[in-house]
Amino acid sequence: TTTTQVSPLETWRLENFTTNASVPSLGGNGADPDGDGIPNLAEFYFALKPVAPDASAANFPAAFMDGDGPHVRFTRTQASWPAVLVCEFSTDLATWNSGTFGLDYDHFAVTPNGDGTETVTFRLLPDESARFVRLRVTTSE
(Lines give C-alpha, C1' and ligand atoms only; values in the text may rest on other atoms or scores of the structure.)
Protein backbone atom coordinates (compact mmCIF):
# COMPACT_ATOMS: atom_id res chain seq x y z
CA THR A 1 0.00 0.00 0.00
CA THR A 2 1.05 3.57 -0.64
CA THR A 3 0.57 6.26 1.97
CA THR A 4 -0.16 9.75 0.71
CA GLN A 5 1.39 12.49 2.80
CA VAL A 6 -0.92 15.42 3.45
CA SER A 7 0.93 18.72 3.68
CA PRO A 8 0.43 21.06 6.62
CA LEU A 9 -1.20 23.49 4.15
CA GLU A 10 -3.81 20.91 3.12
CA THR A 11 -4.45 20.00 6.77
CA TRP A 12 -4.97 23.72 7.51
CA ARG A 13 -7.39 24.01 4.57
CA LEU A 14 -9.46 21.10 5.88
CA GLU A 15 -9.47 22.51 9.43
CA ASN A 16 -10.62 25.95 8.26
CA PHE A 17 -12.89 25.15 5.30
CA THR A 18 -13.99 21.52 5.98
CA THR A 19 -16.06 20.39 2.99
CA ASN A 20 -15.27 23.61 1.08
CA ALA A 21 -11.48 23.13 1.27
CA SER A 22 -11.26 22.21 -2.42
CA VAL A 23 -13.49 25.08 -3.61
CA PRO A 24 -11.00 27.53 -5.22
CA SER A 25 -12.99 30.66 -4.30
CA LEU A 26 -12.94 29.64 -0.61
CA GLY A 27 -9.96 27.38 0.07
CA GLY A 28 -7.67 28.29 -2.83
CA ASN A 29 -4.25 29.85 -2.24
CA GLY A 30 -5.29 33.19 -3.74
CA ALA A 31 -8.80 33.29 -2.25
CA ASP A 32 -9.70 35.82 0.43
CA PRO A 33 -13.00 34.57 1.87
CA ASP A 34 -12.91 36.93 4.87
CA GLY A 35 -12.27 39.98 2.65
CA ASP A 36 -9.35 41.32 4.70
CA GLY A 37 -7.02 41.65 1.70
CA ILE A 38 -4.81 38.73 2.78
CA PRO A 39 -4.90 35.68 0.48
CA ASN A 40 -5.23 32.24 2.07
CA LEU A 41 -1.63 31.22 1.39
CA ALA A 42 -0.37 34.23 3.38
CA GLU A 43 -2.99 33.60 6.10
CA PHE A 44 -1.63 30.06 6.46
CA TYR A 45 2.05 31.09 6.39
CA PHE A 46 1.65 33.90 8.94
CA ALA A 47 -0.58 31.79 11.23
CA LEU A 48 -3.71 33.89 10.71
CA LYS A 49 -7.40 32.96 10.47
CA PRO A 50 -8.81 32.88 6.92
CA VAL A 51 -12.49 33.03 7.90
CA ALA A 52 -12.43 36.20 10.02
CA PRO A 53 -10.70 39.51 9.22
CA ASP A 54 -7.45 39.81 11.15
CA ALA A 55 -7.52 42.69 13.61
CA SER A 56 -3.78 42.71 14.24
CA ALA A 57 -0.74 42.79 11.98
CA ALA A 58 1.48 41.40 14.75
CA ASN A 59 2.53 38.30 12.75
CA PHE A 60 3.44 40.20 9.60
CA PRO A 61 7.01 41.14 8.72
CA ALA A 62 8.21 44.28 10.45
CA ALA A 63 11.55 46.04 10.15
CA PHE A 64 13.47 47.19 13.19
CA MET A 65 16.92 48.56 13.96
CA ASP A 66 19.34 47.29 16.54
CA GLY A 67 23.06 47.66 17.19
CA ASP A 68 24.14 45.78 14.07
CA GLY A 69 21.73 47.22 11.52
CA PRO A 70 18.26 46.72 10.07
CA HIS A 71 16.42 43.47 10.80
CA VAL A 72 13.11 41.87 9.81
CA ARG A 73 10.93 39.89 12.22
CA PHE A 74 7.69 37.95 11.69
CA THR A 75 5.72 35.01 13.07
CA ARG A 76 4.85 32.04 10.89
CA THR A 77 3.18 28.65 11.12
CA GLN A 78 5.81 26.26 12.43
CA ALA A 79 5.09 23.53 9.87
CA SER A 80 4.66 25.90 6.93
CA TRP A 81 5.57 23.50 4.10
CA PRO A 82 4.83 23.84 1.18
CA ALA A 83 4.47 27.61 1.66
CA VAL A 84 7.78 29.45 1.49
CA LEU A 85 8.81 33.04 1.96
CA VAL A 86 10.95 34.63 -0.74
CA CYS A 87 12.97 37.71 0.21
CA GLU A 88 13.38 39.92 -2.86
CA PHE A 89 15.49 43.04 -3.42
CA SER A 90 15.26 45.91 -5.90
CA THR A 91 17.01 49.21 -6.61
CA ASP A 92 14.17 50.64 -8.74
CA LEU A 93 10.90 48.94 -7.57
CA ALA A 94 10.48 47.54 -11.11
CA THR A 95 13.00 44.69 -11.19
CA TRP A 96 13.07 42.29 -8.24
CA ASN A 97 15.63 39.56 -7.56
CA SER A 98 15.62 36.85 -4.93
CA GLY A 99 17.97 37.64 -2.08
CA THR A 100 21.07 35.62 -1.37
CA PHE A 101 22.01 34.58 2.15
CA GLY A 102 25.34 36.17 3.08
CA LEU A 103 25.07 38.81 0.36
CA ASP A 104 21.67 40.41 0.99
CA TYR A 105 20.78 39.08 4.43
CA ASP A 106 22.21 36.97 7.26
CA HIS A 107 21.72 36.07 10.93
CA PHE A 108 18.64 34.02 10.08
CA ALA A 109 17.18 32.79 13.38
CA VAL A 110 14.05 30.73 14.07
CA THR A 111 12.60 30.53 17.60
CA PRO A 112 9.67 28.18 18.38
CA ASN A 113 6.88 29.90 20.33
CA GLY A 114 5.40 26.71 21.79
CA ASP A 115 1.98 27.25 20.18
CA GLY A 116 2.56 25.87 16.68
CA THR A 117 4.16 29.13 15.51
CA GLU A 118 7.73 30.36 15.36
CA THR A 119 9.36 33.76 15.23
CA VAL A 120 11.79 34.37 12.38
CA THR A 121 14.38 37.14 12.45
CA PHE A 122 17.09 38.05 9.97
CA ARG A 123 19.42 40.98 9.34
CA LEU A 124 19.44 42.96 6.09
CA LEU A 125 22.99 43.59 4.92
CA PRO A 126 24.05 47.06 3.78
CA ASP A 127 24.50 47.80 0.11
CA GLU A 128 26.19 50.72 -1.65
CA SER A 129 22.99 51.64 -3.52
CA ALA A 130 19.52 52.40 -2.24
CA ARG A 131 17.56 49.16 -2.04
CA PHE A 132 14.04 48.06 -1.40
CA VAL A 133 13.03 44.73 0.08
CA ARG A 134 9.79 42.78 -0.14
CA LEU A 135 8.72 39.42 1.18
CA ARG A 136 6.50 37.22 -0.96
CA VAL A 137 4.75 34.02 0.11
CA THR A 138 4.67 31.33 -2.58
CA THR A 139 4.58 27.55 -2.72
CA SER A 140 7.38 25.08 -3.25
CA GLU A 141 5.04 22.87 -5.33
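**Entry 1: model and overall fold.** I worked from a predicted model. I first looked up the secondary structure and found three helices and seven strands in the chain. I then followed the elements along the sequence and recorded the pattern α-α-α-β-β-β-β-β-β-β. For the extent of the C-alpha trace, I noted a span of about 50 × 35 × 30 Å along the principal axes.

**Entry 2: the sheet.** I looked up how the strands are arranged and found an open sheet of four strands, ordered S1-S2-S6-S5, with antiparallel pairing. Strand S1 (62–66) and strand S5 (105–112) are the edge strands, each pairing on one side only. I recorded an average twist of 25° from one strand to the next.

**Entry 3: the S1 and S2 pair.** I next examined S1 with strand S2 (residues 69–77), and five bridges join them in the antiparallel sense. Within this pair I located Ala-63, which stands opposite Val-72 in S2.

**Entry 4: burial and contacts.** I looked up burial and found that 36% of the 141 residues of the chain count as buried. I then took the contacts between residues at least 6 apart in sequence, and 52% of these join residues at least 24 apart.

**Entry 5: surface and charge.** I noted an accessible surface of about 8,200 Å² for the chain, with 54% of it belonging to carbon and sulfur atoms. For the charged side chains, I recorded 8 positive and 18 negative. The centres of these two sets lie 2 Å apart.

Note on methods:
Residues are numbered from 1 along each chain as its sequence is written. This is a predicted model: local features need pLDDT of at least 70, side-chain atom pairs count only at pLDDT 80 or more; totals for chains, interfaces and linings use all residues. Side-chain values use heavy atoms; hydrogens and water are left out. Two strands pair if DSSP finds at least two bridges between them. Helices (H or I, at least four residues) and strands (E, at least two) are DSSP runs, numbered from the N terminus. Axes are lines fitted to C-alpha atoms, for helices over the stretch in contact, and angles run from 0 to 180 degrees between N-to-C directions. Buried means under 20% relative accessible area, exposed over 50%, partly exposed in between (1.4 Å probe, protein chains only). Contact means heavy atoms within 4.5 Å. Accessible areas come from the Shrake-Rupley method with a 1.4 Å probe; for residues, only the protein chains shown count as cover. Lys and Arg count as positive and Asp and Glu as negative; His and the chain ends are not counted. The place of a charge is taken as NZ of Lys, CZ of Arg, CG of Asp or CD of Glu.
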